[in-house]
Amino acid sequence: MHPTDRFLAACRREPVDRPPIWIMRQAGRYMSSYRALRERANFMEICRVPANSLEATMMAVDQLGVDAAILFSDILVPLEPMGMTVEFDEGGPKVSKVRDAATIAALRTDVADDLGFVYEAVSLIKSTLRSRSPDATLPLLGFSGSPFTLATYAVEGGTTKNKHALRKLIWDAPELLHQLLAKMTEVVAPYCIRQIEAGADAIQLFDTWGGLLTESEWRTFSQPYTSEVLRRIRAAKPATPLIHYALEASHLVPAMAELPCDVLSVDWREPLSSVRARTGHRFAHQGNVEPGVMTCSSAAIARAVTACMDDFGRLPGHIVNLGHGITPDASVEAARTFVAVAREHGHALWSGAQP
Ligand code: CP3
């Protein structure tokens with residue numbers, strides 16, 4: 001099957017010859033080639049220079065044998081043109097803190113044109129994928145953070161443990177948080193549409209921090225804004241599959257089933273068969289192997305991948321992936337094993353042979 005058809009069919013829950021496979025954060029520090037690129041350019045320079053973004057994207061494609069490419073960038077990239085400073089150091093991302101009415105009011109939302117380097121990277125990657133294999137071009141995923149996850153980074157100023165700055169807004173000044181979320185929505189929707197226009201075949205929205213909310217809070221602070229983004233993308237680009245990613249969000253599964261998306265990508269805490277049943281068999285699912293296994297033996301990886309695929313079973317609508325990004329202490333060998341086992345097991349499942 002053509003790789004792009006296979007991926008799009010899986011998103012639409014149509015039959016495939018085997019489920020498509022890719023790995024979240026498939027280009028990253030666990031690769032020596034990525035660490036070499038980082039010797040030449042800092043992280044934001046990789047994101048900002050299309051040739052660097054292309055190089056990182058293609059590393060994963062060339063070294064792992066995955067069935068999809070993902071734009072190399074970061075969810076925090078759109079925050080800079082909005083008026084925030086974004087830096088990456090050893091401790092993770094640092095974002096200038098956005099917590100008061102004046103700072104929120106000053107944020108720009110007409111930033112789609114400032115992010116031209118992202119669309120350039122998308123079209124460069126797409127044409128490279130095409131020329132590399134004209135008859136079997138891999139699909140290319142674009143992505144964005146969800147309004148809530150981007151707002152969390154803006155309010156907290158980075159990755160924090162207890163998220164008390166965000167909590168303070170939720171409890172003491174929800175109207176301010178709503179203003180910020182509305183601004184993020186204005187940024188994210190056109191940003192995703194422009195990625196599709198540049199050649200992205202599907203869009204993944206990362207609602208990474210949505211899971212820290214109760215269901216009622218999520219329905220208040222994340223769902224309306226993410227739904228609006230998804231609706232706007234769908235209205236502009238009805239044929240493009242939309243993937244929603246959530247971390248630690250089993251308690252939100254019934255609410256997530258109301259999102260206008262095609263694929264729910266979840267972590268490993270709940271089997272995909274259970275998520276599928278709880279969402280009425282209406283979505284495709286992506287995931288959900290526990291990422292720590294990528295630091296373990298090939299035998300352990302094989303057990304984890306086959307268990308995940310057997311749990312999903314021979315039903316359309318599975319995109320094999322991890323439940324969260326691969327970590328720097330994983331190995332390229334492990335990632336290759338993950339892909340090879342999933343490929344072989346997928347063929348066995350779908351050819352009718354006993355896996
Ligand atoms: O999947 C891919 O290969 C595409 C590239 C990609 C990156 N970040 C590269 C990256 C994608 C899709 C992201 C999304 C992202 N970024 C998310 C959502 C997914 C998730 O992990 O929950 C989030 C929350 C971020 C924010 C972010 N970026 C953090 C917290 C960090 C620091 C942690 C870390 O791993 O260093 C980053 C940096 C980052 N983004 C790196 C990479 C490869 C490492 C940067 C480096 O080279 O030092």
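## Close-up views of a predicted model

**View 1. Strands E4 and E5 in the predicted model.** E4 and E5 run parallel and are joined by five bridges. Within this pairing, Phe 143 faces Gln 204 of E5. E4 spans residues 140-145 and E5 spans residues 202-207. Six of the six residues of E4 are buried, so the strand is mostly covered, with buried taken as under 20% relative accessible area. Leu 140, Gly 142 and Ser 144 point to one side of E4, while Leu 141, Phe 143 and Gly 145 point to the other, and all are buried. The model is a predicted one.

View 2. Seven strands form an open sheet in the order E1-E4-E5-E6-E7-E8-E9, and the pairing is parallel. Strand E1 (69-70) and strand E9 (318-322) stand at the edges; each has a single partner strand, so one side of each lacks a neighbour in the sheet. Ala 69 has Leu 140 of E4 as its bridge partner. Further along the order, strand E6 (residues 242-246) pairs with strand E7 (residues 263-265) over three bridges, in the parallel sense. Tyr 245 has Ser 265 of E7 as its bridge partner.

**View 3. Helices lying across the sheet.** Helix H1, residues 3-11, lies across E4, E5, E6, E7, strand E8 (284-289) and E9. The angle of H1 to E9 is about 100°. Helix H10, residues 174-198, lies across E4 and E5 and runs at about 170° to E4.

**View 4. Packing of H7 against H10.** Two packed helices are described by the angle between their axes and the distance between the axes. For helix H7 (residues 116-132) and H10, the axes come within 8 Å and cross at roughly 30°. Angles under 35 degrees count as roughly parallel, so H7 is roughly parallel to H10. The crossing of these two helices is right-handed. H7 contributes Val 118, Tyr 119, Val 122 and Ser 123 to the contact, and H10 contributes Tyr 191, Arg 194, Gln 195 and Ala 198. Sorted by class, the residues of the H7 and H10 contact are five nonpolar, two polar and one charged.

View 5. Ala 112 sits in the loop between helix H6 (101-106) and H7. Its relative accessibility is 17%, under the 20% cut-off, so Ala 112 counts as buried. Leaving out residues up to four places away in sequence, Ala 112 touches Tyr 119, Pro 190 and Arg 194. Two of these residues, Tyr 119 of H7 and Arg 194 of H10, also take part in the contact of H7 with H10. Val 188 is 76 residues from Ala 112 in sequence, and the C-alpha atoms of Ala 112 and Val 188 are 8.7 Å apart in space.

**View 6. Packing of H10 against H12.** The axes of H10 and helix H12 (residues 223-236) come within 9 Å, crossing at roughly 25°. H10 and H12 are therefore roughly parallel to each other. The crossing of H10 and H12 is right-handed. On the H10 side the contact is made by His 178, Leu 181, Ala 182, Thr 185, Glu 186, Val 188, Ala 189, Cys 192, Ile 193 and Ile 196. On the H12 side the residues are Tyr 225, Glu 228, Val 229, Arg 232, Ile 233 and Ala 236. By class, the contact of H10 with H12 holds eleven nonpolar, two polar and three charged residues.

View 7. Helix H8, residues 147-156, is mostly covered, with ten of its ten residues buried. The buried residues of H8 include Phe 148, Leu 150, Tyr 153 and Val 155, and also Thr 149, Thr 152 and Glu 156.

**View 8. The E2 and E3 hairpin.** Strand E2 (residues 86-89) and strand E3 (residues 92-95) run antiparallel and are joined by four bridges. Two residues lie between E2 and E3, which form a hairpin. Val 86 stands opposite Val 95 of E3.

Technical notes
Residues numbered from 1 in each chain as written. Predicted model: local features only at pLDDT ≥ 70, side-chain atom pairs only at ≥ 80, totals over all residues. Heavy atoms only, no water. Pairing = 2+ DSSP bridges. Contact = heavy atoms within 4.5 Å. Axes fitted to C-alpha atoms, helices over the stretch in contact; angles between N-to-C directions. Parallel < 35°, antiparallel > 145°, perpendicular 65-115°, else oblique. Left-handed = near helix turned anticlockwise from the far one by under 90°. Nonpolar A, V, L, I, M, F, W, Y, C, P; charged D, E, K, R; others polar. Buried < 20%, exposed > 50% of the residue type's maximum accessible area, 1.4 Å probe, protein only.
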